[in-house]
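The following paragraphs lead through one structure, beginning with a single side chain and its partners and widening from there to the fold as a whole.

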Amino acid sequence: MESIDGDVSPQLARAVQARINVVKQIGREFGLLTESEAQAALGQGNATDLPYFGLQYRGETLYPGFLFERSPGGGAPMRVRPLLKDLKKIAGECGWDGQDIVVWMTSPTTWFADHGRPVDHLHEPAKVIAALTDQAGTQW
C-alpha cells in the first residue's frame, strides 16, 4: 500500500488486510509452495495450469498445497489436480480468476449439506464443479 500515491482509504486498507489474512490462513492449513518449489514437485510439463492459481503475497507467487495430488503411474511425484482444469474453465466463463477460485475453495458455502468448504470436498469433484457453476453463475 505504500506504493500508492495519495492517501489509502480505510476500506482499501481493510480489503488488503483481509486478503493477507486469507493467504496466511491458507498457508497455515495447506502450506504454500513458491513457484520453484511447485515446479520441482510437478516436474517438467506438469505445471501448465499452475500459474493461473497462484496467490500474490509479498512480491512472490505462492501455490496452496491443496492444488496438488500424487501423480498416478510413477511419473512426476505430484500433479495439479485434474479438477482444477474444469474449475479454470468455469471461472473464465464467469469472469473469475485463479485467485478467486483459491479463495472460494477455502471459504464455507451453503452449497454443501455440511456447509463445508469446496476444498473439503475434493474427493467429490462433480459436486465441487456443480457448486462453482452455481455460485459463479449467480448474478446479483
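Predicted model: local features only at pLDDT ≥ 70, side-chain atom pairs only at ≥ 80, totals over all residues.

Arg-117 is buried, with a relative accessible area of 16%; buried here means under 20% relative accessible area, exposed means over 50%, and partly exposed lies in between (1.4 Å probe, protein chains only). The partner of Arg-117 in a salt bridge is Asp-120, with 2.8 Å between the closest N and O atoms. A salt bridge is defined as a side-chain nitrogen of Lys or Arg within 4 Å of a carboxyl oxygen of Asp or Glu. Asp-120 itself is partly exposed, at 37% relative accessibility. Through salt bridges that share partners, Glu-29, Arg-117 and Asp-120 are joined into one network.

Residues are numbered from 1 along each chain as its sequence is written, and side-chain values use heavy atoms, with hydrogens and water left out. The predictor's confidence in each residue, pLDDT, runs from 0 to 100. For the chain, mean pLDDT is 87, and 90% of the residues reach 70 or more. Confidence is highest in strand β1 (residues 32–34), at 95, and lowest in β5, at a mean of 86.

The chain contains 5 helices and 5 strands. Helices (H or I, at least four residues) and strands (E, at least two) are DSSP runs, numbered from the N terminus. Read from the N terminus, the order of elements is α-β-α-β-β-β-β-α-α-α. The C-alpha atoms fill a box of roughly 55 × 35 × 25 Å along the principal axes. Among contacts between residues at least 6 apart in sequence, 55% join residues at least 24 apart, where contact means heavy atoms within 4.5 Å.

Helix α1 covers residues 10–30; its 21 residues reach 30 Å from the first C-alpha to the last, close to the 30 Å expected at 1.5 Å a residue. That expected span is 1.5 Å times one less than the number of residues. Just after α1, Gly-31 adopts a positive phi of about 80°.

What, then, lies in the interior? Of the 140 residues of the chain, 35% count as buried. The largest nonpolar core has 32 residues; such a core is a set of buried Ala, Val, Leu, Ile, Met, Phe, Trp, Tyr and Cys residues joined through side-chain atoms within 4.5 Å. Its residues with the most contacts inside the core are Leu-50, Phe-66, Leu-67, Phe-68, Leu-87 and Met-105. At least two residues of this core come from each of α1, α2 (35–42), β2, β3, α3, α4 and α5, and the largest share, 5 residues, is supplied by α3. In soluble globular proteins, nonpolar side chains tend to be buried together. Leaving aside residues up to four places away in sequence, Phe-66 touches Ile-26, Phe-30, Arg-81, Val-102, Met-105, Thr-106, Val-119 and Leu-122.

Helix α4 (residues 98–105) is largely enclosed by the rest of the structure, because 6 of its 8 residues are buried. These are Gly-98, Ile-101, Val-102, Val-103, Trp-104 and Met-105. Their cover includes α1, β2 (55–57), β3 (60–64), α3 and α5 (125–136). At the start of α4, a side-chain oxygen of Asp-97 comes to within 3.0 Å of the backbone nitrogen of Gln-99.

The charged pairs complete the description. Side chains of opposite charge can pair when their charged atoms come close. The whole structure holds 6 salt bridges. One of them joins Arg-79 and Glu-69, with the closest N and O atoms 2.6 Å apart. This pair links distant parts of the chain, since Arg-79 belongs to strand β5 (residues 78–80) and Glu-69 to strand β4 (residues 68–70), 10 residues apart. Arg-79 is partly exposed, at a relative accessible area of 27%. The side chain of Glu-69 also makes a polar contact with that of Arg-81, at 3.3 Å; a polar contact is a pair of N or O atoms within 3.5 Å, where, within protein, one must be able to donate a hydrogen and the other to accept it, and residues adjacent in sequence count only if both atoms are side-chain atoms.

A further salt bridge, at 3.1 Å from N to O, connects Glu-93 and Lys-89. Both residues lie in helix α3 (residues 83–94), 4 residues apart, about one turn of the helix. Glu-93 is exposed, with a relative accessible area of 55%, and Lys-89 is likewise exposed, at 55%.
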